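Good morning, colleagues. Please take a moment with the structure on the screen, and then I shall go through selected features.

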Amino acid sequence: MMRHLAGLLRALGLVRYDLIARRTSRYPDDASVRDGELVFVVDGGVEKWACFRCPGGCGALIPLSLNPRRRPRWSVALDWLHRPTVRPSVHQTNDCACHFHVNGGRVDWCEGGRPLGRGART
Ligand SMILES: [Zn+2]
């Protein structure tokens, strides 16, 4: 299990990440998506969804469509530890209005895109 290895390496201070990918073939129930994980839905070899909780503190589920025939659409790439890189950036349309990139599992906030006084990292 790559996620367990990733958790161990993070606990040892050897790697850093905010999000780690979990692959599944079915769209997840809202309640099953935990903080700090990105649920990467791949069904029959077709990348469909990337779902994770908003890192800005509101906890809203963010479902990103990976379907190339839909707009908008995103792409997800995983590194050796299953840390996701998401393109393009994510801009929440709800009240929290978060705007960030996900690079190698790290949430990189866009200027003005982070809710004040919230979030796990400084
Ligand atoms: Zn939010």
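Is alanine 97 buried or exposed, or something in between, judged by its C-beta neighbours inside 10 Å? Alanine 97 counts as partly exposed, because it has 14 C-beta neighbours inside 10 Å; buried means 20 or more other C-beta atoms within 10 Å of a residue's own, exposed means 12 or fewer, and partly exposed lies in between, with C-beta atoms placed from the backbone.

This is a predicted model: local features need pLDDT of at least 70, side-chain atom pairs count only at pLDDT 80 or more, and totals for chains, interfaces and linings use all residues. Residues are numbered from 1 along each chain as its sequence is written.

Alanine 97 is in the loop between E6 and E7, strands being DSSP runs of E, at least two residues, numbered from the N terminus. Its phi is positive, near 55 degrees, although alanine 97 is not a glycine. Histidine 82, in the loop between E5 and E6, likewise has a positive phi, of about 70 degrees. Histidine 82 is buried, because 21 other C-beta atoms lie within 10 Å.

Two peptide bonds are cis. One runs from arginine 71 to proline 72, with omega near -5 degrees; proline 72 is in the loop between E4 and strand E5. Another joins arginine 87 and proline 88, with omega about -10 degrees, and proline 88 is in strand E6.

Finally, the sheet. Four strands form an open sheet in the order E1-E2-E3-E4, with mixed pairing, where pairing requires at least two DSSP bridges. Strands E1 (20-24) and E4 (61-65) are its edges.
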